[in-house]
Structures are given as C-alpha cells and as structure tokens.
Amino acid sequence: NQAIFEKAAAETGLLGMGTTLVAAVVERRRASVANVGDSRAYLLRRGELRQITQDHSWIGEQRRRKLLSESEIENSPFKSMITRSLGFQEAVEADLFDLELWEKDYLLLCTDGLHGALPKKKIIKTFKRHRKARDICPVLIRSAKESRGDDNITAVVAGFMDGKPGVKASLSDTVRLDAWPKATA
C-alpha cells in the first residue's frame with residue numbers, strides 16, 4: 001500500500017491510483033484470507049460456492065445495508081466505485097478471514113472481471129466439470145472473457161485433496177493466470 005501511495009503522490013498523472021487485493025495463506029488445514037476492494041475469495045465445498053470476503057465497493061455497501069433495490073444498484077452511476085483500495089490513502093485496513101479446509105475443498109481468488117462476468121451457477125458448473133485447478137482456471141477466464149471481456153480478469157484456483165478419510169487436507173494443485181491465455185502454435 002505504501003509503495004503504491006508514494007508512487008501516486010510523486011507523479012501527478014497517477015494521482016488517485018489504487019488497486020484491489022485478495023490473498024490467501026494456507027498452512028495445513030487452515031487458510032487465512034485478506035481482501036481490500038472488490039477482488040474476492042470463494043470457498044467451494046460439496047458443490048456449494050460461498051463468498052468468503054466482502055466487497056469494499058458502493059454496490060457491496062448498498063447490498064449489505066439493504067438501502068436500495070437490485071435494480072437501483074445496477075442502474076446507478078456509482079456501481080463501479082470502490083470504497084477501499086490499496087494506494088488511494090496512506091493507510092488501508094484489510095479485512096481478514098480464517099477458515100478450515102476440508103478434503104475436496106477449492107479456494108477461488110478472483111478480480112471483478114471474473115465474478116462480475118460469471119454467475120455463481122456457471123462457476124460451480126465449471127468446478128464440477130473439471131476437477132484439477134490447472135483445468136478450471138483457464139476455463140473460468142475464457143468464459144468471463146467471452147461473457148464480458150471489458151475488464152481485467154485474474155483468477156487463482158487452489159484444490160485441497162487427499163483421498164483418505166480423516167486425513168488433513170493438503171494443497172494439491174494451484175494455478176494462477178493473470179491474463180487471457182495466448183494461443184500457442
């Protein structure tokens with residue numbers, strides 16, 4: 001945060017620059033997740049996709065407070081406004097979440113370019129069709145790009161597998177793709 005803030009303060013063309021963040025640290029059967037902005041962490045467990053983080057955005061705050069209808073939120077000129085980000089202010093507070101991981105759980109970390117483009121049902125369907133993170137991540141990104149390709153799309157998928165009942169979950173497969181996959185010959 002400090003480096004982004006100082007860079008923006010030093011160059012007038014970058015004034016107001018900021019970015020969102022979602023991160024996870026996994027140790028044994030626990031994941032600690034942090035977020036700032038509207039990049040999200042999801043947990044997929046037994047076919048159910050649960051959002052772990054809360055968006056720091058105008059839309060997120062309106063939904064939590066139940067002040068406006070979904071139609072009013074979606075048609076608002078403020079729907080892209082982030083209320084907390086890295087670099088915009090000298091200090092920022094990240095939300096922290098702690099969760100226990102079970103065998104066959106998946107963590108999905110993603111930007112709004114993915115979660116804003118794909119409904120939960122489509123994300124769940126992709127996880128059901130593809131079991132390995134290295135297969136899931138490119139499909140999610142390609143689907144988001146085809147659905148609404150006007151935003152940056154970043155996704156990280158981590159799967160936790162063991163195969164023996166009662167055994168602690170371990171990180172088995174992690175993939176990170178930051179951009180639309182390039183075609184290879």
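Here is a chat about a predicted model of one protein chain.

Biologist: Before we start, how are the residues numbered, and what does the model count?
Modeller: Residues are numbered from 1 along each chain as its sequence is written. The model is predicted, so local features need pLDDT of at least 70 and side-chain atom pairs count only at pLDDT 80 or more, totals for chains, interfaces and linings use all residues, and side-chain values use heavy atoms, with hydrogens and water left out.

Biologist: OK, how many helices and strands does the chain have?
Modeller: The chain has six helices and eight strands. Helices (H or I, at least four residues) and strands (E, at least two) are DSSP runs, numbered from the N terminus.

Biologist: And what order do they come in from the N terminus?
Modeller: The elements run α-β-β-β-β-α-α-β-β-α-α-α-β-β.

Biologist: What share of the chain counts as buried?
Modeller: Of its 185 residues, 37% do. Buried means under 20% relative accessible area, exposed means over 50%, and partly exposed is in between, using a 1.4 Å probe and protein chains only.

Biologist: Let's look at β7. Are its residues buried or exposed?
Modeller: Six of the six residues in β7 (residues 155-160) are buried, so the strand is largely enclosed by the rest of the structure.

Biologist: Which way do the residues of β7 point?
Modeller: Ala 155, Val 157 and Gly 159 point one way, while Val 156, Ala 158 and Phe 160 point the other way.

Biologist: Which strand does β7 pair with?
Modeller: β7 pairs with β6 (residues 105-110) in the antiparallel sense, over six bridges. Two strands pair if DSSP finds at least two bridges between them. Here, Leu 108 stands opposite Val 157 in β7.

Biologist: Switching to β2, how many of its residues are buried?
Modeller: Five of the seven residues of β2 (residues 30-36) are buried, so β2 is largely enclosed by the rest of the structure too.

Biologist: Which strands pair with β2?
Modeller: β1 (residues 21-27) pairs with β2 in the antiparallel sense over seven bridges. β5 (residues 95-100) also pairs with β2 in the antiparallel sense, over six bridges. Take Ala 34 in β2: it is the bridge partner of Ala 23, and its bridge partner in β5 is Leu 96.

Biologist: What's in the turn between β1 and β2?
Modeller: The two strands form a hairpin with two residues between them, and Arg 28 in the turn has a positive phi of about 55°. Arg 28 is not a glycine. In general, most residues other than glycine have a negative phi.

Biologist: Is Arg 28 buried or exposed?
Modeller: Arg 28 counts as exposed, at 64% relative accessibility.

Biologist: What about Lys 66, where is that?
Modeller: Lys 66 lies in the loop between α2 and α3 (70-74). Lys 66 has a positive phi of about 55° although it is not a glycine, and at 73% relative accessibility it counts as exposed.

Biologist: New topic: which elements supply residues to the lining of the largest pocket?
Modeller: β3 (40-45), α2 (58-65), α4 (112-115) and α5 (120-129) each supply at least two. The largest share, three residues, comes from α2.
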